[in-house]
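User: Could you take a close look at one part of this model for me, the place where the two chains meet? I'd like a connected picture that I can follow while turning the structure on my screen.

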2 protein chains.
Amino acid sequence: MAEPVLGRSARKRLTILSAGHDLFLSNGYQGTSVDQIAASAEVSKQTVYKHFGDKQELLLAIVNNALESTVAPFLERISALADTTDLEADLTALAADYLRAVMQEPVVQLRRLVIGEANRVPELAQLYYDQAPARTLAAFTDCFSALHDRGLLHAPEPAIAAEHFAFLIVGRSIDQALFYGGPQVLAGIDVAGYVRSGVAVFLAAYRPQAKAG
Amino acid sequence: MAEPVLGRSARKRLTILSAGHDLFLSNGYQGTSVDQIAASAEVSKQTVYKHFGDKQELLLAIVNNALESTVAPFLERISALADTTDLEADLTALAADYLRAVMQEPVVQLRRLVIGEANRVPELAQLYYDQAPARTLAAFTDCFSALHDRGLLHAPEPAIAAEHFAFLIVGRSIDQALFYGGPQVLAGIDVAGYVRSGVAVFLAAYRPQAKAG
């Protein structure tokens with residue numbers, strides 16, 4: 001008996017997304033053809049077009065799918081920090097996970113791919129920025145606003161505080177990884193010490209008593 | 001009478017570099033052929049190969065040339081800061097110029113081009129990183145080390161302080177500009193206010209009296 005059409009179609013869709021993800025990250029957007037993706041996914045070219053329209057739409061779907069699985073869980077972690085009872089310890093632990101997360105090679109490769117195509121496919125670059133860095137900064141903004149209200153931070157401009165925190169922790173590494181690759185950069189960092197010094201700078205500026213002193 | 005051979009050759013070299021720079025930034029590395037560069041520079045393809053070996057060597061020369069003209073003058077500015085008699089004012093002025101410099105569209109476009117080719121041409125990515133971000137961070141490190149010795153900063157780890165300063169000032173903008181373009185990002189920033197808040201965080205952490213308090 002044939003399996004349900006919807007199930008098979010959904011499976012094919014996922015197979016195409018996965019094959020396209022791997023090929024685009026390995027060979028770049030221009031170095032990858034719909035023919036290759038179809039062959040790798042063991043479907044016809046027509047099936048790819050039926051599911052995704054064209055190569056560019058497929059790339060948008062792949063990026064959207066990849067970000068949803070990597071960014072969404074981290075946003076919940078940031079949100080939970082608003083309820084901390086030990087700010088310095090929890091901020092430090094979160095910062096270490098944040099740094100390790102953005103240094104993962106597939107994350108770095110996806111960034112490279114999107115940035116390399118930003119001129120030709122600006123809607124892809126905007127999708128990426130809105131779905132990843134902007135959403136992460138918005139989550140930190142909400143969190144720091146709540147911590148300000150609780151009196152644990154003095155951050156009357158929580159959006160600026162969010163940027164300061166994010167780039168104190170991951171700024172140099174995320175920048176260097178675009179050129180050198182994530183694992184190579186991470187291997188050169190003492191994550192615990194690096195994160196501790198970034199958190200110390202942030203708290204020196206944003207701890208309420210620091211402002212009073 | 002014919003002009004000196006060396007002069008003509010050097011001029012041709014500069015013309016090829018300039019034509020290649022414009023075409024690579026507009027159409028990407030893979031979207032640009034040596035034929036197009038030769039046509040735009042009004043030289044033969046053989047002349048391009050004679051001067052630069054191949055397309056990849058030409059790209060390396062173009063990036064090297066572009067960085068030399070944009071990065072070198074800024075390194076002198078950073079170096080001069082070590083002699084400041086008004087740290088906060090001079091640091092703030094330098095920070096504003098730094099932010100504006102990295103948001104220039106040709107700078108952002110060059111970054112995009114290099115990052116987009118980082119997998120295929122890793123030596124280009126390493127050349128770029130070493131010649132631009134790493135050199136800038138090294139200049140800040142030397143400067144903060146001198147300011148530490150003068151007692152104007154408490155920065156026993158000047159390399160970390162350099163990273164903190166750089167990414168407090170340009171981190172978010174340089175990241176966003178890779179996706180949105182430099183002028184668009186700069187247009188959304190109150191440069192004076194943005195820079196002031198970054199400098200305030202840096203000084204809260206690295207001013208000697210802050211450490212004593």
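Analyst: Happy to! Let's begin with what counts as touching here: two residues are in contact if their C-beta atoms, placed from the backbone, lie within 7 Å. Please keep in mind throughout that this is a predicted model.

By that criterion, 31 residues of chain B are in contact with 31 residues of chain A. On the chain B side, four helices each supply at least two of the touching residues: α6 (105–116), α7 (122–131), α9 (158–180) and α11 (191–206). The largest share comes from α9(B), with 13 residues. If you color this side of chain B by residue class, you will find 18 nonpolar residues, nine polar ones and four charged ones.

Now for how the two copies are arranged.

Chain A has twelve helices and zero strands, and from the N terminus on its elements run α-α-α-α-α-α-α-α-α-α-α-α. Its C-alpha atoms fill a box of roughly 70 × 40 × 30 Å along the principal axes. Of the 213 residues in chain A, 40% are buried. Looking at contacts in chain A with a separation of 6 or more, 69% of them join residues 24 or more positions apart.

The axes of α5 (residues 87–102) of chain B and α11(B) come within 9 Å and cross at roughly 125°. The two helices are therefore oblique to each other, and the crossing of α5(B) and α11(B) is right-handed. From α5(B), the contact is made by Glu88(B), Leu91(B), Thr92(B), Ala95(B), Ala96(B), Leu99(B) and Arg100(B). Facing them from α11(B) are Val191(B), Ala192(B), Val195(B), Arg196(B), Gly198(B), Val199(B) and Leu203(B). Sorted by class, the contact of α5(B) with α11(B) has nine nonpolar, two polar and three charged residues.

Finally, a backbone detail that you can check in both copies. Glu42(A) sits in the loop between α2 (34–41) and α3 (45–52) of chain A. Its phi is near 55°, a positive value in a residue other than glycine. Glu42(A) counts as exposed because it has 11 C-beta neighbours inside 10 Å, where 12 or fewer is the cut-off for exposed. In chain B, Glu42(B) likewise lies in the loop between α2 (34–41) and α3 (45–52). Glu42(B) has a positive phi of about 55° although it is not a glycine, and Glu42(B) is exposed, with 11 other C-beta atoms within 10 Å.

Notes: Residues numbered from 1 in each chain as written. Chains lettered and ligands numbered in written order. Predicted model: local features only at pLDDT ≥ 70, side-chain atom pairs only at ≥ 80, totals over all residues. Nonpolar A, V, L, I, M, F, W, Y, C, P; charged D, E, K, R; others polar. Buried ≥ 20, exposed ≤ 12 C-beta atoms within 10 Å, placed from the backbone. Axes fitted to C-alpha atoms, helices over the stretch in contact; angles between N-to-C directions. Parallel < 35°, antiparallel > 145°, perpendicular 65-115°, else oblique. Left-handed = near helix turned anticlockwise from the far one by under 90°.
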